[in-house]
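Please have your viewer ready.

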Amino acid sequence: MTATTATQAKTSQLKTILIVEDDPMMQLGLQHILNNQPHLTVVAQAVNGNEAVSAALQHQPDIALMDIDLPGIDGIAAAQQIRAALPHTRILMLTHHSNPTHVMAALSSGAHGYCVKGTNAEQLLAAITTVQEGGSYLDRKIADCVLQNLKTPLPDSYADDIKLTEREMQVLQQLVEGKSNKQIAAELGMSVHTAKGHVEMIIAKFEASDRTQAAVKALRLGLV
């Protein structure tokens with residue numbers, strides 16, 4: 001093998017990563033970890049959801065490492081747009097959220113893995129390897145929590161018994177994405193009081209104990 005051929009082979013094996021994180025210190029830490037790996041290189045960084053989509057379209061990374069809480073559109077909405085435009089890009093969420101609503105919303109958006117911030121470098125790199133090789137990764141810290149919400153089967157007629165209005169369906173979509181009542185109100189152009197009323201009605205119709213359980217049930221039924 002010639003030197004040129006060896007260089008080309010090495011380049012072809014290099015996996016490119018887009019970091020989407022609005023915390024400067026977290027950005028620096030991730031960049032240091034990733035660029036010290038011979039098979040990984042950070043090609044771009046973004047600090048909000050809109051920048052993430054633009055950077056992904058420009059650089060077409062192999063992997064997008066994404067936070068959820070971002071200025072502008074959040075990481076879940078950005079992940080949906082990136083997946084729609086770039087099916088080959090693998091998405092790994094890295095966030096402090098560990099509740100089932102965020103996890104299920106992220107996975108339903110097309111994310112291939114979910115890590116909780118605070119994981120060590122070795123675990124993060126293992127997650128990246130799993131995702132880049134075509135697998136799915138779920139942080140062990142939240143796996144039990146998610147499984148607990150999924151393990152109880154729903155009756156076959158359960159979905160038929162739930163009748164949501166068009167407006168409630170819009171609120172449900174926001175609920176599944178982990179939005180607060182205030183965020184739902186701003187997104188859908190209603191008062192916070194009205195948004196709260198819709199959320200409470202959705203929880204009642206799903207016979208759920210809280211908004212998280214309602215969101216998980218909606219995802220299991222394929223309603224969103």
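The sections below cover the model, a pocket, a helix residue and a loop residue.

## About the model

This is a predicted model, in which local features need pLDDT of at least 70, side-chain atom pairs count only at pLDDT 80 or more, and totals for chains, interfaces and linings use all residues. Residues are numbered from 1 along each chain as its sequence is written, and side-chain values use heavy atoms, with hydrogens and water left out.

## The largest pocket

The largest pocket has a volume of about 290 Å³. It is lined by 17 residues, and the closest to its centre are Gly72, Ile73, Asp74, Lys179 and Gln183. (On a 1 Å grid over the protein atoms alone, a pocket is an open set of points where a 1.4 Å probe fits, with protein on both sides within 12 Å along at least five of seven lines; lining residues have an atom within 4 Å of a point. A volume is the space filled by probe spheres set on the points.)

Helix 9 (residues 181–188) gives the largest share of this lining, three residues. Helices are DSSP runs of H or I with at least four residues, strands are E runs of at least two, and both are numbered from the N terminus.

## Ala105

Ala105 sits in helix 5 (residues 100–108) and is buried, at 2% relative accessible area. Buried means under 20%, exposed over 50%, and partly exposed in between (1.4 Å probe, protein chains only).

Leaving aside residues up to four places away in sequence, Ala105 touches Ile76, Val176, Glu177 and Leu219, where contact means heavy atoms within 4.5 Å.

## Gln60

Gln60 belongs to the loop between helix 3 (49–59) and strand 3 (63–66). Its phi is near 45 degrees, a positive value in a residue other than glycine. Most residues other than glycine have a negative phi. Gln60 is partly exposed, at 45% relative accessibility.
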